[in-house]
Amino acid sequence: MRIYCDFDGTISSTDTADLVFGHFADPKWEAIEASWNAGEIEASTCMKQQVELIAAPLADIETLLGTVSLRSGFREFLGWSKANDIPVSVVSDGVDHFIRHILIRHGIDDVPVIANRLVSTGPGRWSLDQPWRKTGCKGGCGVCKCAIVETGEDERPTVFIGDGRSDFCVAAQPDILFATAGLDRFCGERSIPFLPFNTFADVQAALAGLTGLSVARAA
């Protein structure tokens, strides 16, 4: 089994990019968001343009990110997965530095993170590199989750855990899908099989039941 997990709103308690934009970006970021919601621009373009509106030193951004909490049970879920030799990767259409800073603050420094890359363009100014973008991606995201899940390193069954729009295009692809918030509504409307969850204890218990592994983390 190989697990892929979204970050913003799935692992984290809030959308970290929107949190940073709301505090440090030119208010024009909201008009760009509206253009994306209206289908006028792709998600990848939206995120790039918004990041370029941030005007703040990294230290201030990291102080703000220090207020972000994780969904209940995530650290325990990672411990259970590691004890049972189940690889877990974070796959996000968010910003790599935001994600890594939050994870490290919570004592998590050994989980691979696939996300858009934050690039400094000058004092307090930023841009976004999108090495995981794929032309023709159904979701138009900076990180094509479909391609990442499809090209997994082995033939293990795949599990995906998500919550929002950047997960829509990959929803029908994994062997097991866990969905919450907007993703569960999307899947329900399209008859895509999924397992609902509120905490990572729910995910852990469900996977243990499906695999016959112990629910508890191995000693």
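Modeller: In this predicted model, seven strands form an open sheet with mixed pairing, in the order β4-β3-β2-β1-β5-β6-β7. Its edge strands are β4 (125–129) and β7 (195–196), each of which pairs on one side only. As a general point, strands of a sheet pair through backbone hydrogen bonds, either parallel or antiparallel. For β1 (residues 2–5) and β2 the sense is parallel, over three bridges. Within this part of the sheet, Ile 3 stands opposite Val 88 in β2. A helix, α6 (residues 96–105), lies across β2 and β3 (113–122), and runs at about 110 degrees to β3.

Strand β2 (88–95) also takes part in the largest pocket, where it supplies at least two residues of the lining, as do α1 (16–24), α2 (28–37) and α3 (43–51). Of these, α3 gives the most, with four residues. The pocket holds about 570 Å³ of space. Its lining comprises 28 residues, and those nearest its centre are Asp 15, Trp 36, Asp 93, Arg 165 and Ser 166. By class, 11 of the lining residues are charged, nine are nonpolar and eight are polar.

The second largest pocket has about 310 Å³ of space. It is lined by 16 residues, with Leu 78, Gly 79, Lys 82, Asp 110 and Val 111 nearest its centre. Here helix α5 (residues 74–83) gives the most to the lining, with six residues. The classes in this lining are seven nonpolar, six charged and three polar residues.

Methods
Residues numbered from 1 in each chain as written. Predicted model: local features only at pLDDT ≥ 70, side-chain atom pairs only at ≥ 80, totals over all residues. Heavy atoms only, no water. 1 Å grid on protein atoms, 1.4 Å probe; cavity = no way out; pocket = protein on both sides within 12 Å on 5 of 7 lines; lining within 4 Å. Points joined across faces, edges and corners; volume = space filled by probe spheres on them. Nonpolar A, V, L, I, M, F, W, Y, C, P; charged D, E, K, R; others polar. Pairing = 2+ DSSP bridges. Contact = heavy atoms within 4.5 Å. Axes fitted to C-alpha atoms, helices over the stretch in contact; angles between N-to-C directions.
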